[in-house]
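Notebook open, model loaded. I want to go through the strands, the helices and the chain contacts one at a time.

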Amino acid sequence: MKINSKYRLSNFPLKLRVIHAFDFEIEPILLLEKDIIGNDFLSYLTFSDYEKEQRVYIQVSQERLNEVLANEISLNSAFENPENDFIYIAEFSHNTGKILDSFLVPVSVVSDAQVIPKNYIINYEKPNNVVVLRENELLDFSERKQKIVFDFYLQSQNLINNIKPYALYKVFTPIVEIIKNMLEFDSRNADRYLAFSNLRQASFGITIELNYSHDLFFQKETEVIENLLLLLNAQNKEDFETVLFKTKNDKYLKHYITMIKAIIDNDADLHTAYANPVTKDIKTNTLNKERAEIAKKIIDETFDVIEDVEEIKGTFLEIDIDRKEPSFKIYSFEDEFTVKGKFELSILEKVKNDFVNIGKETYVFQVKTLYFPETTLKSEEIKRFLIDYKKESE
Amino acid sequence: MWKEKLPIDCPPSSAKELDTEAYRILKSEEPNESDFLPYVYLHPENERYKTLCEAYAISSFDSEKNAIKAWKGALKRGKNIGTHIAKVEIALSDGRNDFNQNSGHYSTWLYESKNYDTFECSNIKIISEN
C-alpha cells in the first residue's frame, strides 16, 4: 500500500512486542502486539516482499479485542472504526526486524485501499483459564513496575471452584516467608518491600512484586529470587547444598518443607516465573508432586544417632530446674571446659532434694551424649543429658 | 523432544499428532531442505517473531485449492513464495499439528527426530493461477 509522504512520522512512537498470532499462514498476517505500558494493538500485514513487511495498526481495548476475536464485529470494521481514531502504518525490515518507515494516517486511507477483506474471519479459540502469565507479559509488567516480580500459580483439581486454605497458608505464605527470611526482613517491614497483584482464581495465581533495594540494580533481591528458584528446582543433594551455601541461614527450610508437604498431599503443581526489569531475565519453574516427592526424600534423610555415656569429674556451674526442660552447666576439671545440657527427668527429684552447692563441691557426673550426624539439610547436632551424679568423698 | 527450542506454552495444547496428506508450496520442482524451514529461520536476525510459537511451525494446507489461495494472498501482498505445489505426507511421528478449519492451514511443530529434508513430496506440479 502506497502512503502519501505527508503522513510520514519522523519516529515511530510505539515500542511494540509481538504477543500472539491470530492468523499465521506462511506469514504473520494478524497479530496482537503490546507497547511497553501494556496497551494492545492489532496489526495486519498489508505488504510483504523479500525486503520488508508493512503492517497497519490500531489500538484496541480489551472489550474491542474480545468483540473482534468473537467475530462480533469484523476486522475490517474494527480498522475502519478505531476506538481512538489513530491508525499507524509501519514498515519493518525482514532481516533485522527494525522499523524502516512509519506513518500516522486517517481512517480513509485504510478504508479506501480496502486492505482488509470484508469477509475476513478470525479463527480463535479463547483458552478457558489464562492464569499462567505469559513470559513476555510478566517481563512487561516487571518493566512497568520497575520491580523484580515473582509470579506464583498453584494448580490442583481441588482449587478449581475456590481457593482452599492450604493454598494460601501452606504454599503461598511459606514462599513469602522464604523471601522474607532470605532478604532478612520481618513482617513489620513487609509493606515497604513487598506487594501483591494479578490475583487470579481457578486455580490460584498471584504476582509478588519485590523492591528491597529501592535502587536501579535490585542486586540483593535478584540474588534472593534466584536462590528461591534454585530451591524450588532442587532435585538432588548438590542442588540443596548449593542453595545452603549461597544463603546465610537455613531457617527458611521449615517453610520449604511445609510447602513441599502441601504440594504432595494435594497433588498440586506449583508454577513460578521470575522477571527482572534490569537484566530482562525470565526464569520459570514447575514443582509438581513427583518432583516434590524427590525433594522430600532428601529432606527426610537421616543417619543413625550415636550415643555415648561418659564420666566427667567437675563441679556444677549452673542449675535451672524451673524451666520447662530443666538444664545444667558443669565444669570439667580434667578437660577444663564447660558442658551444658538438660537433666534427665528421673534425677530431677534428686537434684531438688540435694541442695547442691554450686561451684564448690566436686562431683562425678554421668553425661549421656547424643550425636546427630550432619544431613544434606541439617547441620550436626549434639544433645547432652545428665543422667546421674555422685558427690566425690573428700 | 522438539526440533527447535520453542517458546513457552508452544505448541498449544490443541496441537495433535496427525497422519494426513497436506499441500505445500515449493520454490522449484526439486524440493530441498530450504522449502521446509519455519518462518523464524528465514530471517534469523529478526527478533520480532522469536517468541511467536507459529513462527517455529511449518505451514501446509489440507487441499491444493487452499494452498493456492494462500499463495495468491502472499502474491497480492508482494511476494511470490514459490512456483510449484506438492503433496506431502504428515506422519504421527513427525510432530504436532494445529489446524485452522476456515483456511485449511496446518501448522506443524516438528519432533527432534524429524528432519526438514525428509518430507516426502509427490504430485509436484507448477502452480496455475486459474
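I started with strand β15 (residues 363-372) of chain A and strand β16 (residues 381-391) of chain A, which pair in the antiparallel sense over 10 bridges. For the record, strands pair if DSSP finds at least two bridges between them. Strands (E, at least two residues) and helices (H or I, at least four) are DSSP runs, numbered from the N terminus. Across this pair, Tyr371(A) sits opposite Ile382(A) in β16(A).

Housekeeping: this is a predicted model, where local features need pLDDT of at least 70 and side-chain atom pairs count only at pLDDT 80 or more, while totals for chains, interfaces and linings use all residues. Residues are numbered from 1 along each chain as its sequence is written, and chains are lettered from A and ligands numbered from 1 in the order in which they are written.

What else does β16(A) join? I found two bridges to β14(A), and these two strands run parallel. Here Phe343(A) is opposite Leu386(A) in β16(A).

Next I checked strand β13 (residues 327-332) of chain A, which pairs with strand β14 (residues 337-343) of chain A in the antiparallel sense over six bridges. Ile330(A) has Val339(A) in β14(A) as its bridge partner. The two strands make a hairpin with four residues between them, and Glu336(A) in the turn has a positive phi of about 55°.

Putting it together, five strands of chain A close into a barrel in the order β12-β13-β14-β16-β15, with mixed pairing. Neighbouring strands of this sheet are turned by 55° against each other on average, direction ignored.

**Open sheet, chain A**

Six strands of chain A form an open sheet in the order β1-β2-β3-β4-β5-β6, with antiparallel pairing. Which strands stand at the edges? They are β1 (17-25) and β6 (99-105) of chain A, each with a single partner strand, so one side of each has no neighbour in the sheet. The twist averages 25° from one strand to the next.

Ala90(A) is opposite Ser102(A) in β6(A).

**Helix pair, chain A**

Helix α9 (residues 253-265) of chain A packs against helix α10 (residues 289-299) of chain A at an angle of about 135°, with the axes 9 Å apart. That makes α9(A) oblique to α10(A). My cut-offs: under 35 degrees is roughly parallel, over 145 roughly antiparallel, 65 to 115 roughly perpendicular, and the rest oblique. Axes are lines fitted to C-alpha atoms, for helices over the stretch in contact, and angles run from 0 to 180 degrees between N-to-C directions.

From α9(A), Ile257(A), Ile260(A), Ile263(A) and Ile264(A) meet residues of α10(A), including Ala292(A), Ala295(A) and Ile299(A).

**Chain B on chain A**

Chain B has one helix and six strands, running β-β-α-β-β-β-β from the N terminus on. I count 23 residues of chain B in contact with 24 residues of chain A (contact: C-beta atoms, placed from the backbone, lie within 7 Å). The elements giving two or more residues to this side of chain B are α1 (64-77) and β5 (105-110) of chain B. α1(B) gives the most, with three residues.

Where does α1(B) lie? It goes across β1, β2 (27-34) and β3 (40-48) of chain A, at about 85° to β3(A).

Methods. Contact = placed C-beta atoms within 7 Å.
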